[in-house]
Amino acid sequence: MTAVGNHEVECHDPDCLLDPIKKKKLSNFTAYNARFRMPSPESNGALNMHFSFNYGPVHFISIDTETGYPGAAEETRYVLPCGGFADQLSWLENDLIEANKNRATRPWIFAQGHRPMYQGKSINAEFQAAMEELFNKYGVDIYFSGHVHSYERDYPVYQGVLDPNGYNNPSATTFLMIGGSGNDEMHGAQIAASKKTGAQFVEPKPIFPGSTVTTEGSGKWRASTQNGEWTAVTDDDHYGIGKVTIIDDSTLEFNYYRTGEGVVYDSIVLHRDHSSYIQRFQKD
């Protein structure tokens, strides 16, 4: 299942922006919404922008981190008008309420979106203000993201404060950023590859002369190269993917694989007792 990101807004290049026909037809995620068919009708979502579905013991939620909340990156800072895909925040809360009503049958709730909420030492303040309280209130177990082309596992955290229980029955959400599955913009992997092959690696160019900010994280939120208090493990030198194994209703294992080597580089076991949510939201 997909999660919309900044590149799906379309019309990034000058040829498209200067062509009135192409600009109109490709703006505001038009191609992305035409090429895929996500289960929005079944989950009262909006096109391919936000939706949810069930699979086994997990309720999956795909959110739109580009538009649909105050200060959203593409909706407020892109060169063309974006957004208008229904009330995402009301939908998200209603979806989480319904998911919790069925938590005795389907205990785990995973959310995915393109942009990270926590990354390195930085926090996406607008995204956090819009959705973190909902994640915490309704017990979202894990939030998966990408956007930054590397891997980062964070400790369970809420409002910038680490959960004292760590991965052993935390009340806060665990944040996993798996953005290095093969993108050729991955900074560390490019450097490593250039050393092996002898090819020249070209550093990203600053946005404007004299700036130290490159095109990565060029919106209001900036990607960070320093670890935050919540940062547990990072990997920006290798391509990798993640795998979740549900062990039972309260325990899962997450493994991060370096795909070039075919080895597990990082692994955690998350234990979460969902009984309090079952009691709060049990059906009448």
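Contact is defined here as heavy atoms within 4.5 Å. The model is predicted; local features require pLDDT of at least 70 and side-chain atom pairs pLDDT 80 or more, whereas totals for chains, interfaces and linings use all residues. Residues are numbered from 1 along each chain as its sequence is written, and side-chain values use heavy atoms, with hydrogens and water left out.

Arg106 is located in the loop between helix 6 (88–101) and strand 3 (108–112); helices (H or I, at least four residues) and strands (E, at least two) are DSSP runs numbered from the N terminus. When residues up to four places away in sequence are not counted, Arg106 touches Asn54, Gly56, Pro57, Val58 and His59. The C-alpha atoms of Arg106 and Asn54 are 8.2 Å apart, with a sequence separation of 52 residues. A polar atom of the Arg106 side chain lies 3.1 Å from the backbone oxygen of Gly56.

Seven strands make up an open sheet of mixed pairing, in the order 1-2-3-6-10-7-11, where pairing requires at least two bridges found by DSSP between two strands. Strand 1 (51–55) and strand 11 (231–235) are at the edges with a single partner strand each, so one side of each has no neighbour in the sheet. On average, neighbouring strands of this sheet are turned by 15° against each other, direction ignored. Axes are lines fitted to C-alpha atoms, for helices over the stretch in contact, and angles between N-to-C directions run from 0 to 180 degrees.

Strand 3 pairs with strand 6 (residues 142–145) in the parallel sense over three bridges, and Ala111 has Tyr143 of strand 6 as its bridge partner. Helix 6 lies across strand 1, strand 2 (58–62) and strand 3, and runs at about 175° to strand 2.

Terms used. A polar contact is a pair of N or O atoms within 3.5 Å; within protein, one must be able to donate a hydrogen and the other to accept it, and residues adjacent in sequence count only if both atoms are side-chain atoms.
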